[in-house]
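Here is a short report on one structure.

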Amino acid sequence: MVQFAIPGFRLTDNAIDKDFKRVTDLGVKINYNSKIDKDKFQTLKKDYSYIFVGAGAQLSASLEIEGADAKGVFEPLNFLFNVKQGKESGIGKNVVIIGGGNTAMDAARTAYRLVGKDGKVTIVYRRTINEMPADQGEIKAVLEEGAEIIELVAPEKVISKDGYVKALLCSKMELKGVDSKGRPTPVKILDSEFEISCDTIIPAIGQNLDIDFATNDLLKADSKTYKTQIGNVFIGGDALRGASTAINAIADGRKAAEQIRKQASIDFRLQIQDTRQRLSKKELIIKRSKRVFAKELKELPLNDRQNFKLISETLDKQNIVEEASRCLYCDEICNICTTVCPNFANYSYNIEPVKISLQKAIVTEGKVDIQFDKQFEVKQKYQILNIANFCNECGNCNTFCPTSSAPYKEKPKIYLTISSFKDAEEGYFLSKVEDRITLIYKEPGGIKTLTENKDELVYETDHALGRFKKETFTHIEAKAKTPCVKEIHFEHAAIMSVILQGAKNLTFE
Ligand code: SF4
Ligand code: SF4
């Protein structure tokens with residue numbers, strides 16, 4: 001699809017060839033011109049442990065209206081394939097495209113390049129531009145290049161003369177309510193028919209799988225696991241999701257490969273070397289305070305678009321490096337909630353990243369056996385505490401959080417005074433009595449404490465107690481305080497040890 005359908009003004013053959021080479025250089029063998037029928041599919045299933053179907057959605061949905069068999073109605077993918085291969089397209093001067101997806105935009109932009117200065121390209125879409133599934137950039141380009149988009153219009157009939165398209169009869173639509181996917185539903189306005197005169201109609205109204213080796217039902221798959229109903233057969237890209245973008249198909253391929261790897265128990269870890277320059281917190285804050293604009297992409301001028309020259313050049317190496325260096329390291333530090341809170345109620349603190357093998361205690365007839373439980377890891381150096389006494393729950397931090405978190409609800413809530421902690425239903429309080437520092441957690445189910453001694457951490461709940469080495473979090477002692485306890489887990493103790501690092505530095509005396 002990428003090679004034969006995406007127009008050359010969007011993607012060069014050279015770029016596609018490079019991608020192919022990267023794949024074949026890895027040792028992947030590509031068998032061209034190999035149609036897979038039922039027998040071949042069975043052979044493939046026997047010969048290979050896993051199959052991934054990435055066949056695209058190459059069957060254009062047909063226009064089911066009266067007169068759609070007239071000469072001048074073109075199937076969109078064939079139209080794009082023919083033009084890409086330099087074949088005669090056969091379109092006229094006045095082209096109507098039906099649809100609002102990326103294929104419709106590609107067809108419109110390709111037609112614009114063929115109709116000449118005295119030609120016309122019109123897109124009709126039954127919802128509004130806002131609901132068009134095409135990429136925003138493609139819609140913008142279509143409009144800039146001069147195609148007209150008529151919104152809220154649905155085709156009714158192809159009007160022809162002597163077997164050739166003469167016009168498209170349409171009805172006006174209005175949006176009422178929403179469909180099962182939450183999209184506004186277009187409803188026909190009675191007696192609103194009108195004609196759009198044209199000599200060519202390209203209905204880009206959807207694409208379907210073009211596969212006959214298995215039924216659509218058997219190839220149905222969960223969009224997270226990519227597993228079809230056939231054992232060890234996975235599917236992704238347009239074949240799974242319907243016509244979409246190449247980038248979605250590439251992402252599906254990667255994620256499906258991950259699923260296959262997991263199922264096949266192949267241990268594989270992508271070694272990505274993070275070569276970014278390490279910055280201190282201060283340097284990061286300074287970097288974020290300065291706005292560096294993106295590079296302006298060079299684009300072919302609008303008066304030079306009725307050809308198939310590439311529109312956007314890719315950046316050269318130096319510009320790519322400069323673009324990448326605009327990275328604000330938000331994977332390392334965000335802290336937006338600390339800056340948007342009018343009450344300074346979100347507090348940022350630094351920790352040493354934590355990676356510990358958590359242990360659990362199995363209690364059998366009074367005997368305690370310590371066993372490995374799971375890995376516990378906190379990778380980010382910068383953490384947030386919400387100071388309950390300052391927070392009036394205005395929700396501002398929720399509005400601005402780039403990950404849609406509500407820090408005032410989801411971050412650990414710490415109380416600064418014992419009286420406010422007493423009144424609270426849930427939260428933390430740090431008690432300091434001489435050298436003894438204890439983080440207390442209260443929830444409707446009870447109280448938990450983590451006390452820091454010289455080399456030890458002591459975690460205590462109403463039912464259990466655990467003592468750990470401060471540095472390694474390995475057990476010194478674990479015991480059940482009530483006979484009903486059979487298994488003790490210490491993940492919350494580890495979480496509390498992280499919160500303790502921040503709470504200790506909170507001083508408002
Ligand atoms: S909800 Fe609380 S923490 Fe968030 S902005 Fe408002 S006062 Fe600040
Ligand atoms: S809670 Fe949201 S705003 Fe606050 S640091 Fe995390 S991601 Fe950023």
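## Sheet pairing

In which sense do strand β3 and strand β4 pair, and over how many bridges? Strand β3 (residues 94-98) and strand β4 (residues 120-124) pair in the parallel sense, over five bridges. Strands are DSSP runs of E, at least two residues long, numbered from the N terminus. Two strands pair if DSSP finds at least two bridges between them. V95 has V121 in β4 as its bridge partner.

β3 also pairs with β10 in the parallel sense, over four bridges. Here I97 stands opposite I202 in β10.

The open sheet has four strands in the order β5-β4-β3-β10, with parallel pairing. β5 (148-150) and β10 (200-203) each have a single partner strand, so one side of each lacks a neighbour in the sheet. From one strand to the next, the twist averages 20° (axes are lines fitted to C-alpha atoms; angles run from 0 to 180 degrees between N-to-C directions).

In a regular strand, side chains alternate between the two faces of the sheet. From β10, T200 and I202 point one way, I201 and P203 the other. All four are buried, with 20 or more other C-beta atoms within 10 Å of their own, C-beta atoms being placed from the backbone.

## Ligand shells

A residue is near a ligand if its C-beta atom, placed from the backbone, lies within 6 Å. Ligand 1 has 13 residues around it; C341, C391, C394, N396 and C397 come nearest. Residues around ligand 2 include C334, C337, C401 and P407.

## Basis

The model is predicted: local features need pLDDT of at least 70, side-chain atom pairs count only at pLDDT 80 or more, and totals for chains, interfaces and linings use all residues. Residues are numbered from 1 along each chain as its sequence is written, while chains are lettered from A and ligands numbered from 1 in the order in which they are written.

Notes. Buried ≥ 20, exposed ≤ 12 C-beta atoms within 10 Å, placed from the backbone.
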